[in-house]
Amino acid sequence: MTGDAILGVENLNLRNRAGELLVRDVSLSLRAGETLGLVGESGSGKTLTLRSLIGLLPEGIRETHDARLDNPNCAMIFQNPESALDPLCPVFRQLCEVVRVRQKAGRDEARARALRLLRRLSLPEALAKEDRCPGSLSGGQCQRLLIAMALACRPDVLLCDEPTTALDVTVQKQTLELIRSLQRELGFAMVFVTHNLAVAAQLCENLAVMQRGRIVECGPARQILTAPREEYTRMLTAAILPVPERRR
Ligand SMILES: Nc1ncnc2c1ncn2[C@@H]1O[C@H](COP(=O)(O)OP(=O)(O)OP(=O)(O)O)[C@@H](O)[C@H]1O
Ligand SMILES: [Mg+2]
């Protein structure tokens, strides 16, 4: 781990109940303000790695590692926005609760700050008055609400687990732009999990490529995307389809 890392882990191993290794010898480190992309096939261990970084491993998963540096305040945006919210609790109340607990604010102050977050994320202020539950929000609105809840934790590091996969392409683009502008404004570092190498290229300075629980290649995003060393990474980059030209 480099000296100026604010978050990192060395030789992380994760096993299931049967003792099978799901994540093998993963080492990652992150500097303040940096964005690290984590890419790789489904089931390669990206979500488990993020969950380990924030200390929220699912039951039955055991962890060993050699060293860890995890003091900064982390927040995580999960893969499926709807399932990360309590379906029966009004969304504004859920946001206020996070502000109240994480910012140690009183009830009225938490409400005022939660309202400011709604505005910053272009969510309707009516959400604060109407007691609406997650089921009545669009997918894009749910995702922005989750981003608001993550920001309410005032994170030094934001862990994003495919935050746009469940959204349609135009909303994906808006959500990515929003995350980028929030990062510029607030300066948090990010670990950004995505299947989409084009997204990774836009967002990340560094990339780590995972396959079957291991990091098979890692380094500057530009270098990995233009001159991948590993066969698996070459296959991933070759899988970016060129946009066909339309015949006139
Ligand atoms: N709660 C769990 N209990 C047991 N095994 C799990 C659990 N969660 C994930 N796994 C297993 O660990 C491996 C890595 O899963 P993980 O969810 O980290 O993959 P991923 O890279 O995030 O995939 P995807 O891109 O599909 O989200 C998979 O084999 C998965 O079946
Ligand atoms: Mg995942």
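**A helix across the sheet**

Let's start with helix α8, residues 231-238, which lies across β3, β9 and β10 and runs at about 105° to β9. A quick word on terms. Helices (H or I, at least four residues) and strands (E, at least two) are DSSP runs, numbered from the N terminus. Axes are lines fitted to C-alpha atoms, for helices over the stretch in contact, and angles run from 0 to 180 degrees between N-to-C directions. Contact between two residues requires their C-beta atoms, placed from the backbone, to lie within 7 Å.

Now the ground rules. This is a predicted model, where local features need pLDDT of at least 70, side-chain atom pairs count only at pLDDT 80 or more, and totals for chains, interfaces and linings use all residues. Residues are numbered from 1 along each chain as its sequence is written, while chains are lettered from A and ligands numbered from 1 in the order in which they are written.

Next, the sheet. What is the strand order in the open sheet of 6 strands? The order is β6-β7-β8-β3-β9-β10, with mixed pairing. The edge strands are β6 (74-77) and β10 (214-220), and each pairs on one side only. From one strand to the next, the twist averages 15°. Here, two strands pair if DSSP finds at least two bridges between them. In general, strands of a sheet pair through backbone hydrogen bonds, either parallel or antiparallel.

Look at one pair. Strand β3 (residues 35-40) and strand β9 (residues 206-211) pair in the parallel sense, over 5 bridges. L38 stands opposite A208 in β9. Helix α4 (residues 139-151) lies across β6 and β7 (157-161), at about 175° to β6.

On to the domains. The chain is divided into domain 1 (1-73 + 155-243) and domain 2 (85-153). Those bounds come from an automatic or database domain assignment. Over C-alpha atoms, the two domain centres are 26 Å apart. How many residues of each domain are in contact with the other? For domain 1 there are 11, and for domain 2 there are 8. On the domain 1 side, helix α5 (residues 169-186) gives the most, with 5 residues. By class, that side has 9 nonpolar, 2 polar and no charged residues. Ala, Val, Leu, Ile, Met, Phe, Trp, Tyr, Cys and Pro count as nonpolar, Asp, Glu, Lys and Arg as charged, and the others, Gly among them, as polar.

Now ligand 1. The residues around this ligand include N16, S42, K46 and I61. A residue counts as near if its C-beta atom, placed from the backbone, lies within 6 Å. Helix α1 (residues 46-54) supplies the largest share of the shell, 3 residues. The shell has 4 nonpolar, 7 polar and 1 charged residues.

N11 is in strand β1 (residues 5-15). Its phi is positive, about 50°, although N11 is not a glycine. R212 sits in the loop between β9 and β10, and its phi is near 45°, also positive in a residue other than glycine.

Buried or exposed? A residue is buried if 20 or more other C-beta atoms lie within 10 Å of its own, exposed if 12 or fewer, and partly exposed in between, with C-beta atoms placed from the backbone. N11 counts as partly exposed because it has 13 C-beta neighbours inside 10 Å. R212 has 15, so R212 is partly exposed. A126, in the loop between α3 (107-120) and α4, is exposed, because 10 other C-beta atoms lie within 10 Å.
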